[in-house]
Amino acid sequence: MGIAAILFWILSVLTIFSAIMVVVSKNPVHSVLWLIATFFAISGHYIMMNAQFLAIVNIIVYAGAIMVLFLFVIMLMNLNSNTEPRKNIWAKLIGVISAGMLLWILISVVRTFSDQIKGHPQIATFNTGNIGLIKNLGQVLFTQYALPFEITSVLFLSAMIGAVVIGKKN
Amino acid sequence: MPIQYYIALAVTLFSIGVVGVLIRRNAIIVFMCIELMLNAANLLLVAFSKTHTAVAGNPLAGIDGQIFVFFIMVVAAAEVSVGLAIIVMMYRNTHSTDINFLNRLKN
């Protein structure tokens with residue numbers, strides 16, 4: 001087992017464990033902190049796949065900006081485990097069972113087609129491919145995808161104005 | 001690592017997000033589980049883009065997948081800002097973030 005495989009398993013276990021802790025934590029602040037850990041592990045996966053730009057953007061945008069927004073809103077509302085709404089145990093059980101069946105179906109699909117995609121190259125290898133570098137991504141983003149990039153700014157402007165209008169006291 | 005492992009990881013992450021949406025009643029946690037599902041999709045897109053590069057041989061093949069991940073992050077950020085504003089407004093009216101209060105949009 002090479003270093004890439006060991007790192008993959010460590011990061012995968014970290015990702016899955018943190019994601020489960022996001023769901024089962026009673027305190028919403030703990031959920032946010034575990035979600036930040038999940039995002040860092042996913043960024044590690046991106047670095048393993050030589051998508052360096054996306055790894056950094058994932059840390060800055062998700063773990064930095066969005067999670068601070070979540071934390072700020074939770075602290076604004078003074079939520080903690082005492083104010084956590086209780087849910088029926090049967091509803092929880094049914095939710096877990098249905099999501100488990102979804103997982104079972106998707107895993108079965110992957111296993112069914114697994115022998116057809118066998119023999120393809122290993123993708124988590126270091127220093128292979130350079131499409132994840134910001135130089136190449138930026139070149140494509142500002143030539144081929146220039147119009148969607150500009151539309152993105154309009155989307156952000158409308159989201160910002162919408163948030164202000166919604167949050168305004170009437 | 002072969003692509004199957006990344007598919008399995010992303011599928012597991014997505015299912016954990018589905019579990020969270022189904023069993024939690026706190027609206028903020030439901031939002032965070034939607035973020036988990038978006039990140040599972042992002043991970044799968046990056047893995048497939050990497051595989052595409054390795055199979056096609058062209059050093060710039062599969063760059064579209066990573067651009068899509070960038071756009072998904074942009075849309076998620078916009079969605080979070082509007083959604084949290086809605087949750088704050090709802091909390092101001094009902095003093096709770098229980099999504100069962102949201103089964104009526106009137107009042």
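Predicted model: local features only at pLDDT ≥ 70, side-chain atom pairs only at ≥ 80, totals over all residues.
What volume does the largest pocket have? It comes to about 370 Å³.

The pocket has a lining of 18 residues. Leu69(A), Ala163(A), Ser81(B), Leu84(B) and Ala85(B) lie nearest its centre. Which helices each supply at least two residues of the lining? From chain A these are helix H3 (52-77) and helix H6 (146-167), and from chain B helix H3 (63-94). H3(A) gives the largest share, seven residues. In class, the lining is made up of 16 nonpolar and two polar residues, with no charged residue. Chain A contributes from two domains: domain 1 (3-132) and domain 2 (133-170) each provide at least three lining residues.

Now step back to chain A as a whole. Its secondary structure consists of six helices and zero strands. Read from the N terminus, the order is α-α-α-α-α-α. The chain has 170 residues, and 37% of them count as buried. Among its contacts with a separation of 6 or more, 65% join residues 24 or more positions apart.

An unreviewed entry places "transmembrane region" at residues 6-24, 31-49, 55-77, 89-110 and 145-166 of chain A. Two of these stretches can be compared with the model. Residues 6-24 of chain A are 100% helix and 0% strand, and the C-alpha atoms at the ends are 27 Å apart. Residues 145-166 of chain A are 95% helix and 0% strand, with end C-alpha atoms 31 Å apart.

Over residues 6-23 of chain B, the model is 100% helix and 0% strand, and the end C-alpha atoms lie 26 Å apart. Over residues 28-48 of chain B, the figures are again 100% helix and 0% strand, and the end-to-end C-alpha distance is 31 Å.

Individual residues show how the two chains meet. Start with Ser12(A), in helix H1 (residues 3-24) of chain A. Is Ser12(A) buried or exposed? Ser12(A) counts as buried because its relative accessibility is 6%, and the cut-off for buried is under 20%. Beyond its sequence neighbours up to four places away, Ser12(A) touches His45(A) and Leu9(B). One partner is in chain A and the other in chain B.

Ser31(A) comes next. This serine sits in helix H2 (residues 28-48) of chain A. Its relative accessibility is 0%, so Ser31(A) is buried. Which residues does Ser31(A) contact, leaving aside neighbours within four places in sequence? In chain A they are Val22(A) and Ser25(A); in chain B they are Ile29(B) and Met32(B). Ala19(A) is 12 residues from Ser31(A) along the chain, and their C-alpha atoms are separated by 8.9 Å.

Val96(A) gives another view. The residue belongs to helix H4 (residues 89-112) of chain A. Val96(A) counts as partly exposed because its relative accessibility is 41%, and that class runs between the 20% and 50% limits. With residues up to four places away not counted, Val96(A) touches Val19(B) and Ile23(B). Both of these partners belong to chain B. Val13(A) is 83 residues from Val96(A) in sequence, and the two are 20 Å apart, C-alpha to C-alpha.

Finally, look from the side of chain B. Phe70(B) is part of helix H3 of that chain. This is the chain B helix that supplies at least two residues of the lining of the largest pocket. Phe70(B) has a relative accessible area of 15%, so this phenylalanine is buried. What does Phe70(B) touch, not counting residues up to four places away in sequence? The partners are Phe53(A), Leu54(A), Leu141(A) and Phe149(A). They belong to chain A. Within chain B, Asn42(B) is 28 residues away along the chain, and its C-alpha atom is separated from that of Phe70(B) by 8.8 Å.

Methods
Residues numbered from 1 in each chain as written. Chains lettered and ligands numbered in written order. Heavy atoms only, no water. Helix = DSSP H or I, 4+ residues; strand = E, 2+ residues; numbered from the N terminus. 1 Å grid on protein atoms, 1.4 Å probe; cavity = no way out; pocket = protein on both sides within 12 Å on 5 of 7 lines; lining within 4 Å. Points joined across faces, edges and corners; volume = space filled by probe spheres on them. Nonpolar A, V, L, I, M, F, W, Y, C, P; charged D, E, K, R; others polar. Domains from an automatic or database assignment. Buried < 20%, exposed > 50% of the residue type's maximum accessible area, 1.4 Å probe, protein only. Contact = heavy atoms within 4.5 Å. UniProt positions renumbered as here; feature names shortened; annotations may be inferred.
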